[in-house]
Amino acid sequence: MYKQDKKYVAMFSLLLLSLTLGMSFAHAHDDDDEGERQQRNERHDQHRHSKAENDRHAVKITNPQLKEECGSCHIVYPPNMLGAESWHEIMAHLNRHFGTDASVDAATQRELSAVLQNGAGNRGDFAKGKPVLRISDTRWFRNEHDEVSDRTWRNPKVKSPSNCGACHTNADQGRFSEHEVRVPR
Ligand code: HEC
Ligand code: HEC
């Protein structure tokens, strides 16, 4: 395993652990009055949400294979921007990848699929029960971009919401902070 992958695995295990702890905490108070529990769950959710958002600002992508195989047609999309189920679906159908063929050999497929799923975001996005395949179709993406006008999305300099680098000047380095956004006019 690459060093970076180990880091992903470690981070993921930590995340799972904290989620499990969080859940048993909620269960332990099952006899609480409903309203109170609701409130606490909401707070818990909010906390998780803002943390996930913070983590989206900068993700260092160092896996060389990911750069080589998934960074030739577009930026390497940071693994934490989609849920594990979405990455699984994407990696299972690389031969029919958004109208193009992005297939890799079976060993690379397994390796990259693991890297992406280990680094996946903690909340999957589903539409009609199926994992969404585009970051730009996730709820958090739509929330973050609700102030971007239709005119901007149609601007030929933007072309597609998938073209993160049109506005996020350092997207190719995994940086998406609001301080590094320049929307083309
Ligand atoms: C042969 C070119 C090519 C390669 C190689 C490729 N992709 Fe893509 N990918 C595309 C195209 C084309 C789109 C659609 C872009 C658009 O709609 O503007 C896309 C879109 C995506 C999206 C959705 C972006 C969004 O809108 O949120 C994801 C996620 C993605 N690719 C992941 C990957 C991964 C993971 C790999 C490596 C295993 C990969 N791609 C390799 C061509 C490629
Ligand atoms: C048309 C321009 C445009 C495109 C294309 C675009 N974004 Fe954004 N993005 C923005 C704007 C504007 C904001 C809001 C910045 C702010 O809060 O001031 C934003 C916010 C974000 C944020 C939250 C940043 C923060 O600091 O809170 C993330 C993460 C993000 N975008 C990721 C992406 C990803 C990933 C893609 C490509 C799949 C993408 N964006 C494509 C314009 C764009």
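Where does Phe-98 lie?

1. Phe-98 lies in the loop between helix 4 and helix 5, where helices (H or I, at least four residues) and strands (E, at least two) are DSSP runs numbered from the N terminus. Although Phe-98 is not a glycine, its phi is positive, at about 50 degrees, and the residue is partly exposed, with 13 other C-beta atoms within 10 Å. On this scale, with C-beta atoms placed from the backbone, 20 or more others within 10 Å make a residue buried, 12 or fewer make it exposed, and partly exposed lies in between.

2. This is a predicted model, in which local features need pLDDT of at least 70 and side-chain atom pairs count only at pLDDT 80 or more, while totals for chains, interfaces and linings use all residues. Residues are numbered from 1 along each chain as its sequence is written, and chains are lettered from A and ligands numbered from 1 in the order in which they are written.

3. Lys-159, in the segment after helix 7 (150-154), likewise has a positive phi, of about 65 degrees, without being a glycine; Lys-159 is exposed, with 11 other C-beta atoms within 10 Å.

4. The protein has seven helices and two strands, in the order α-α-α-α-α-β-β-α-α from the N terminus, and 17% of its 185 residues count as buried.

5. Leaving aside neighbours within four places in sequence, Met-91 is in contact (C-beta atoms, placed from the backbone, within 7 Å) with Gln-109, Leu-112, Ser-113 and Leu-116. Of the contacts in the protein with a separation of 6 or more, 66% join residues 24 or more positions apart.

How values were computed:
Contact = placed C-beta atoms within 7 Å.
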